[in-house]
Amino acid sequence: MQAKAINHIQSMISRRSVTGYQFRQGIDSFFHQAAAALSVRHPRLIWTDSICTAAVNPKGVVKIANVRDDAIITQAMMVKYVGFIIHELLHSKYTNFNVNSTNDFIARLHNAVEDAWIEHTGIKSNLLGNISDTLSTLIDEMVTEALAEQIDWSDPCQLPFSLAVYLRQHASRKVPVPVDLKLVFDEAFKRTLKCTSSADTLKVALYVFDALPKQNPQNNNQTDQDDKQADGQGDAAQADGQSQQADDQDEQADGQGNAAQTDQNIPASPDQGEGEGNGTGNPADAPTAPPVKPYDSMRHGQNARQVEPSLKPVAGVAGIGTYNLSARLESDQCHTGGSPVNKVGLPVPAKLRYEVKRLFDDSDTSNYAPNHKSGSVNARALKTIPMGNVSLFKRREEIEGIDSAVVIVLDVSQSMFDYTHSPDRCLISAAVHTCNALLETLSRAQVSTAVLTFGDEASILKHFATPYKRTLPLLETVRQGGGTNDYFALRYAHTMLLSRREQRKICFVITDGDGHRSAVKQQADAGRNLGITTIGVGIFNDITKTYGQGITINQLTDLGTATFKQIKLAA
C-alpha cells in the first residue's frame, strides 16, 4: 500500500496539463488512498476558495484551494497539490493540536519546527513510496519563490520561514540565515531530530525564541508597548528582562558547545546527511545574510513568508463557492414524501414532444442517394435509359445519430412554493409539470436522463438507470428544501454528466432564478468549455442572462408554445 497511493495518480502527474475536473477527481482519489496508507482515520477533503493553500483542523478535515472545472492545471501545480495533501495528512497523523503558544511569534516558530518534524518522521517511516521526493520538491519550490523576492532576510519577521527551511533535511535549497543565528539553528536542527511529539517541538521553538539576540519580538502590537516605554513606563521590567535573557543566552551557549562535542552521530545542521551519500550540501555553501537587526520590535516594512506550503492560484484557476460533496449532497429522494400535491398527469403538448425529439433524437437518419451503378433499382431513373444513363440504382445512406445524456435540475427552494398566485401560476406546479414533460419527451427520444433536486442541499431524485415512469409518483410528492444552493446543484449535475460516455451532455435547470447568479453563470461557462450545454428553464422569470440560453415558462400552457429552436447544443 505504501507506493500504491502515489502511483495511483502518477499517470495524471506525468501529463503536461489536465482540466480542473480531471484534476479534482485524481486528487480526491489520491487523498483517501494516501490517508489509508498513513493510517489516518475518518479523512475528509473540502475544496474551497476561502484559502489559497491547504489547511487541516483537529478533526482531520483538510481544506484545499478550489479549482474551476475548466481550469488548465499544469504539471507543477499537480505536484504541489500532492505535496499539500501529504503534508496536511502528516499533521493529522502526528500533530497534537492542543499543544500551542499564546505568543504569536512563538506560535510561528513552533509551526516551523512542527512542519519539519512531521515531514522528517514521515520520510523516516517511508509511509509512502516517494514521499521524500514529493516533500523535497514542495519545499524547494517554496524556497525558489522566496529567493526571487526582494526580502531582507535579517528582518525578524522572516525568521520562522528561515527556520522552517533550515530544519528540513530534505530541502536541497536554503535561504539566508543571519550569521549570529547559525549556531542557534544548528542546535535547533539537532533537537528537532530527537523530537517525538508536538510538546517536544514546542520546546525547540521556545529554545530558539529565548536564544534570539536582545529583546525578543512579541507580536505585531509592539507599538503600544514601545510608546509606553518612550513615556518612561516599564523601564525597570525591561532592564530585568534583558538581564535575565543575557544569563539565559550564556547558559545556551554552553549547551551548544556540549552538544556539538557529545552528539557525534547527529548531523550538525540540516545540510549534513546522517550517513554516507545522504548529505544535501555543505553548510559553508549556504547563503548568509548581514548581521541580524536588534530584536527589539516587530515593526518592519515586509510581510512574513508563510511557513506552511502555500499556493497562489493563477488567474482563472480558483473557483467560486465551496464544493463539498459530503456536506451538500443529501440522500436520494430526500426532497420527496407525504401526500401527492403536484399532478403530473397533464398531457405533453405535441409541439414540445416534436421539438425535443428533433433536438435530441439519437436514432439514425437515412435517405436514398441516386445515380449509383449498383444497389436498389431507382424506378425514376428508368426513363433516362434511352439517353445512355447507366447509373440506374440508388443506395441507402445512413448517418449515425449523436447519443445524449441529460440531467434535469429541479429547484425546490422555498421561493418555488409560493402559493399566493392563482393555481395556474404556482411556481412548483409549473416546474414539476415541465420536468415531467421533459422526462417523457426525452425518454421517447431514447435519451438517458437523471433528475437532481436542490434547496439548501442537492439530492438525486432519479438516477440514469431508473425508468422515468418510476419517477412520476415522486415528482407529485416533491416538498420544500429550504434555501437556493443552485451553484452546488449545477456543479454536481456537471459532475454527473462529465462521467457519462454519451457524446452530447445537456443540463436543464428548472428554477425561478433566485440564487447565486454570478457563481452559476461562471459554472455554466465552465461547463460549456468542457462540452456541456446548460439550458435554463425559467419559471415565471427570464434567466437566459445567467445560463446563456433557455426558455421561459409563464404558465402551464406555455409548454405548448415553447420553442427550442434557438437552443444550440454542443457536439
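Buried, in these notes, means under 20% relative accessible area, exposed means over 50%, and partly exposed lies in between (1.4 Å probe, protein chains only). I'm working on a predicted model, where local features need pLDDT of at least 70, side-chain atom pairs count only at pLDDT 80 or more, and totals for chains, interfaces and linings use all residues. Residues are numbered from 1 along each chain as its sequence is written, and side-chain values use heavy atoms, with hydrogens and water left out.

Entry 1, whole chain. I counted 18 helices and 16 strands; these are DSSP runs numbered from the N terminus (helices H or I, at least four residues; strands E, at least two). Of the 571 residues, 49% are buried. For contacts (heavy atoms within 4.5 Å), I looked at pairs with a separation of 6 or more, and 75% of them join residues 24 or more positions apart.

Entry 2, strand S2. I looked up residues 44-48 and found four of the five buried, so S2 is mostly covered. S2 runs parallel to S4 (residues 61-65), and five bridges join them; strands pair if DSSP finds at least two bridges between them. Thr48 stands opposite Ala65 of S4.

Where does Asn436 sit? I found Asn436 in helix H14, residues 427-444. Asn436 counts as buried because its relative accessibility is 1%. Leaving out residues up to four places away in sequence, I see Asn436 touching Val344, Leu346, Leu472 and Leu475.
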